[in-house]
Amino acid sequence: MTQDELKALVGQAALKYVVPGQIVGVGTGSTVNKFIDALASMKDQIPGAVSSSEASTQRLKAWGIPVFDCNSVGELSVYIDGADEIDAQGHMVKGGGAALTREKIVAAQSRQFVCIADESKWVQILGAFPLPVEVIPMATARVMRQFAAMGGVAQIRHKNGQPLVTDNGQHIVDVTGLRIHDPLAFETQVSQWPGVVTVGVFAHQKANVCLLGTASGVKTLTF
Ligand code: 5RP
């Protein structure tokens, strides 16, 4: 099976976590796009979705699925999103699609985080994927020096020759060379640096369930 087929498989499998009659939290990325396309088949059973990015909002609306603002709804029963890396405890690296801040907000507002991922995302230790960090532009140089002091190599993400600007008007710093042995402590530490909006380690908002797409089908892992 191709990676794209595995993404479609887990996107479809996630439908069983959507609670009829309740608003669903929706992440961002190519795997979530498969989920959104599958969700269209049950759009008449849910009031709508809370979205973690402009891109997902557009896709949801294109299917006729209403999108609610976070502030106009209470706790969500479930949030469904992909990951760039996930470990055996359900800790993740996210933000490859630059949507990490809104993803963390919607995840925090949800009782259950269901991660949908193909098996290439499964890791022993987080850090091989360049760690995305959303940073206020005036703080990027200082934050990059702080990562260098930790042994990381940080660079500002660019798009079309310009620093990428997130949905929140900030920049993304991607950090390579880290091995994150204690994701909870790492997330706590980096989140406190001035100018850091969100670090792409999701340990406080880790997955409760992972639907992992493998050559032999979908494996359900619970944490
Ligand atoms: C976006 C994310 C995505 O969940 C992550 O990048 C995985 O994306 P994909 O499903 O395209 O592999 O965190 O900010």
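Which residues does Val24 touch, not counting residues up to four places away in sequence? Here are my notes, with the answer first.

1. Val24 touches Val18, Phe35, Leu39, Ile46, Gly48, Ala49, Val50, Val78 and Ile80; contact here means heavy atoms within 4.5 Å. Please keep in mind that this is a predicted model, in which local features need pLDDT of at least 70, side-chain atom pairs count only at pLDDT 80 or more, and totals for chains, interfaces and linings use all residues. Residues are numbered from 1 along each chain as its sequence is written, and side-chain values use heavy atoms, with hydrogens and water left out.

2. Val24, Phe35, Leu39 and Ile80 have the most contacts inside the largest nonpolar core, which has 23 residues. Such a core is a set of buried Ala, Val, Leu, Ile, Met, Phe, Trp, Tyr and Cys residues joined through side-chain atoms within 4.5 Å, buried being under 20% relative accessible area (1.4 Å probe, protein chains only).

3. At least two residues of this core come from each of β1 (24–26), α2 (30–39), β4 (76–81), β7 (110–118) and β15 (209–214). Helices (H or I, at least four residues) and strands (E, at least two) are DSSP runs, numbered from the N terminus. The largest share, five residues, is supplied by α2.

4. Now to the sheet: seven strands form an open sheet with mixed pairing, in the order β3-β2-β1-β4-β7-β15-β16. Strands pair if DSSP finds at least two bridges between them. At the edges, β3 (67–68) and β16 (217–222) each have a single partner strand, so one side of each is left without a neighbour in the sheet.

5. β4 and β7 run parallel, joined by five bridges. Tyr79 stands opposite Phe113 in β7.

Technical notes. Buried means under 20% relative accessible area, exposed over 50%, partly exposed in between (1.4 Å probe, protein chains only).
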